[in-house]
Each structure stands twice: as structure tokens, then as C-alpha cells.
Amino acid sequence: MMASNFRQLTQAVLKQQSLKSAPLLPLLSTVTRRLERPTTWSWLSDSVRDDIAHHVDLLAKDQVPEASFDHTFNRMLAETAQEARSWSARTTFLRSAELEQTMPAVAWLKLVSQIQQRSDSDQPTNLLYAMEDVGNFLQGAVFDAKAITLEKLGVTSAVSVDVRDEFSPDRQYLVQPASLSFAVQEILKNALASHHRKYGTDADLAPFVTVALHEEGSSLNILANDNGEGMTLQQQRVALHWFSSTVEESEPTYTFSGNFGGQLEGKGVGLPLARAYLRAMDGDASLLHSDIGQTVRVVIPVCS
């Protein structure tokens, strides 16, 4: 179900403001065929499966869904995280592999649904940005990640952002700002939480978490490095897999506390979802070896 080149598909949508171009229909029909199988996402409720199928059907007809796909997408995640608690190790492994294959395409459908809704309202859709614009998105993601961490843990480390001055002004990158911001936020939330586990209430005095943005070859690289607990090689191998987490699972308390929990807290969904969003933009995320702390690399390919 993975598309071979989401970048080309999205550029076709942006150029034609239509989903009827030949490269797009095979992906939509593939999603439809998979949904017709009772084993595909079998843990989801019928209403969520029906909603996904309905959105796909409308998009295949180049029609704008009456409701945003975001709600259905969020319900899919919540139901998946809830059901995963009762799965055996083998079931978790198999369904993690299924989500690894399918979620980038579902995230891409969410992106295209947003494009369709905006084009129907005569609002121009722009997903092609220069490196300088991406740097601005990163600054916003850093601010949000620190705010969330401060609210949750009561203290947060500082984050420095280094955007190289030398960049090619004629280069553009396919970026959905909200998707990129979510991915960077998830990476930074993990980095800041690692600082808190290592330094405790002195996390605000710890070395900075650093985020560096630079062009390398035909891609844009974002490197996020922390000075936290770090990961073992085994933890690195599975950190981006669905349902793999080094954080203890906690339920929502709906009160302000040092650890108020959440629907997806500790369920191993954040980083894999971030990676799915990046792959829907033809990018990717990977973990790099680091002598101190942990380094995460985000890669976004150039479009022009």
C-alpha cells in the first residue's frame, strides 16, 4: 500500500487541484481493496473503517468530503492504541509491521483531503517551501514542545536552533507545516523528557537540546541531539516501531500534575506516527548513534 513516490503524487494534486490524474488512482484503489479485506485493520470499529472507506471513495471521485479526515484519523489512532494493550507479543509484532506499511499512505490521504478542502474553498494551497521557511516552522515546533513539556513536567531544558545561513534559494521542499511541526515536536518532547529523567528538577540547567537545519546533497536534514539518558542499541532498533516505548504507560488523570497522562501516553505511537507523517512527504526519520544522549535525523528530499 506504500506509494513509491508521495512527492510526485502530491505535486500532481497541487498542480491540477484534482485527484483524477492517473498516478493517484492506483493508490486510492489499493486502499479500497485493502479495506474490503476483513483482516485489514481488523481491530478497528466498523464505524472507523466505514469512515475511511467513505473518504477514499469520495477522493477517488474527486469530490470533497463533507467532514475533515482528521477526526477519523484521530479515532483510528485512539482505537489502535487502546486495542494494542490486550495484544500478545506476536500480534503486536504483526500489527506493528502492518501499520509500518500502511500508515504513511493513510497520512498521505489525510494530507490530500486537506488539499481538496482548501482548493474547494478557493484558498491557494502551498506545500513547497524554501529552507528559510522550514527554519521558521522549526522555531514554532520548538516553542510548542517546550510549552507542553513545561506544563507536564514543571521544568524544561533549553533548546537551541541552528539554521545554516548558506542555502540554495531556488530549492524548494515538499512540507506540510502541521505534519512537520508534529514530527519535530514528538522528537523534542522525547528529548526533553529524557533530560527530565536524567537531571530531574535541574533539567533547566542541563546542556541545551540542539536542533540543526542544513542542506546536504539533494535533501534537507534536521538533526536533533539531546544530552539525556540515551538508548541502548536494542532500544534504537525498535524506537521507531509501533507500540515500542521506553516510557511507562499512564492513564489520563484530567488534573494538573507532574504526569497527567493521556490517551496515547507511553503506548509507543508518537515517534512512529511522526515517521509516517514524514514518509507521507517522502521524507524519513532515523536514529543515529551518539556517545552522549540521542540524535534523531529527519530528511526531506528536494523538489526543485
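This is a predicted model: local features need pLDDT of at least 70, side-chain atom pairs count only at pLDDT 80 or more; totals for chains, interfaces and linings use all residues.
When I say contact today, I mean heavy atoms within 4.5 Å. Hi everyone, and thanks for coming. Residues are numbered from 1 along each chain as its sequence is written, and side-chain values use heavy atoms, with hydrogens and water left out.

Let's start with the whole chain. It has 9 helices and 7 strands; these are DSSP runs numbered from the N terminus, H or I over at least four residues for helices and E over at least two for strands. Of its 304 residues, 49% count as buried, meaning under 20% relative accessible area with a 1.4 Å probe, protein chains only. The chain exposes about 14500 Å², and carbon and sulfur atoms supply 51% of that, by the Shrake-Rupley method with a 1.4 Å probe. Among contacts with a separation of 6 or more, 73% join residues 24 or more positions apart.

Now, two helix pairs. Helix α7, residues 177-199, packs on helix α9, residues 270-279, at an angle of about 150°, with their axes 9 Å apart. Axes here are lines fitted to C-alpha atoms over the stretch in contact, and angles run from 0 to 180 degrees between N-to-C directions. So α7 is roughly antiparallel to α9, a label for angles over 145 degrees. Which residues of α7 meet α9? They are S179, L180, F182, A183, E186, I187 and N190, and they meet G270, L271, L273, A274, Y277 and L278.

S47, V48, D51, I52 and H55 of α3 touch F69, T72, R75, M76 and E79 of α4. That contact splits into 4 nonpolar, 3 polar and 3 charged residues.

Most residues other than glycine have a negative phi. D282 is not a glycine, yet its phi is positive, about 70°. D282 lies in the loop between α9 and β6, residues 284-288. Is D282 buried or partly exposed? At 21% relative accessibility, D282 counts as partly exposed, the class between under 20% and over 50%. Happy to take questions!

Methods: Angles under 35 degrees count as roughly parallel, over 145 as roughly antiparallel, 65 to 115 as roughly perpendicular and the rest as oblique. Ala, Val, Leu, Ile, Met, Phe, Trp, Tyr, Cys and Pro count as nonpolar, Asp, Glu, Lys and Arg as charged, and the others, Gly among them, as polar.
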